[in-house]
Amino acid sequence: MIPALAPGRTALLLMDLQPSLLHELPEPDRLLRNAQRAQRAALAVGIREIHVRVAFTDDDHAAVPAHNKVFAPLAETGGLAAAERDNDVHPSLREGRGSADVHTVTKTRVGAFSTTSLDAFLREQGIDTLVLAGVITSGVVLSTVREAADRDYRLFVLADACDDPDPRLHRTLMESVLPTQADVLGVAAFEDAARRAATVR
């Protein structure tokens, strides 16, 4: 059982769940279903929902240095262009929601805090607890846990709402690396915690 959640101080970060990246995974539909379950559980008790996506304008591409091993190849080909629909949040996570209902940040590097105003927004909202879901585990999930822990956030990672093209790497991170800085749990455990939070509000 995970410690009690305080909904007003908690945010669910749904990270890089965009069609252009999901197609790299072995079971994207299962991952999306689990992310939707987490989303519903959060919204039911007033946990803030925040989307993080990675996408580039022409100026963003031009600013990537040639020595950046991850993003220089994307910049050369114009990859992850912000104007392309496949680089937006997956539509299944937007259904029935107005754009004003959800805070979205767009990054141009790996971690959710990099190149964004996410930390300032969370501090302004009084949020000190983050529940993380998204792809890929060895990318945005790992980088965000590392930086969020250094910024003293309380962290939970939803193991079955994250995924990586390399299943063994995903398992290693969930079992041996991420638990050093975050509590790793399943979506079902998060749903239970959210229900408990609703009874004590």
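## Basis of the description

The model is predicted, and local features are given where pLDDT is at least 70, side-chain atom pairs count at pLDDT 80 or more, and totals for chains, interfaces and linings use all residues. Residues are numbered from 1 along each chain as its sequence is written, and side-chain values use heavy atoms, with hydrogens and water left out.

When residues up to four places away in sequence are not counted, L12 touches A38, Q39, A42, I47, R48, E49, I50, V131 and L158, contact meaning heavy atoms within 4.5 Å. L17 is found in the loop between β1 and α1, and it counts as buried because its relative accessibility is 2%; buried means under 20% relative accessible area, exposed over 50%, and partly exposed in between (1.4 Å probe, protein chains only). With residues up to four places away in sequence again not counted, L17 touches L22, L31, A35, V52, D88, V89, H90, L93, G134 and V135. L17 and I50 are 33 residues apart in sequence, and their C-alpha atoms are 12 Å apart in space.

## The α6 and α7 pair

Two packed helices are described by the angle between their axes and the distance between the axes. The axes of helix α6 (residues 137-150) and helix α7 (residues 167-177) come within 10 Å and cross at roughly 20°, the axes being lines fitted to C-alpha atoms, for helices over the stretch in contact, with angles running from 0 to 180 degrees between N-to-C directions. The two helices, α6 and α7, are therefore roughly parallel to each other, a description used for angles under 35 degrees, whereas those over 145 count as roughly antiparallel, 65 to 115 as roughly perpendicular and the rest as oblique. The crossing of α6 and α7 is left-handed, which is to say that the near helix is turned anticlockwise from the far one by less than a right angle.

On the α6 side the contact is made by T137, S138, L142 and R146, and on the α7 side by L169, H170, L173, M174 and V177. By class, five of these residues are nonpolar, three polar and one charged, with Ala, Val, Leu, Ile, Met, Phe, Trp, Tyr, Cys and Pro counted as nonpolar, Asp, Glu, Lys and Arg as charged, and the others, Gly among them, as polar. H170, which lies in helix α7, is buried because its relative accessible area is 13%. Leaving aside its neighbours within four places in sequence, H170 is in contact with T137, A159, C162, D163 and D164.

## Backbone features

A cis peptide bond joins V135 and I136, with omega of about 0°, and I136 is placed in the loop between β4 and α6. L80 is not a glycine, yet it has a positive phi of about 55°. L80 sits in the loop between α4 (72-77) and β3 (103-107) and counts as buried at 13% relative accessibility. D152, also a residue other than glycine, has a positive phi near 70°; D152 is in the loop between α6 and β5, and is exposed with a relative accessible area of 66%.

I2 lies in the segment before β1 and counts as buried at 14% relative accessibility. Its contacts, leaving aside neighbours within four places in sequence, are F156, L185, A193 and R196. I2 and V184 are 182 residues apart in sequence and 9.4 Å apart in space, C-alpha to C-alpha.

D59 is in helix α3 (residues 58-62) and counts as exposed because its relative accessibility is 64%. D59 and A148 are 89 residues apart in sequence, with a C-alpha to C-alpha distance of 27 Å.

Definitions and conventions:
Helices (H or I, at least four residues) and strands (E, at least two) are DSSP runs, numbered from the N terminus.
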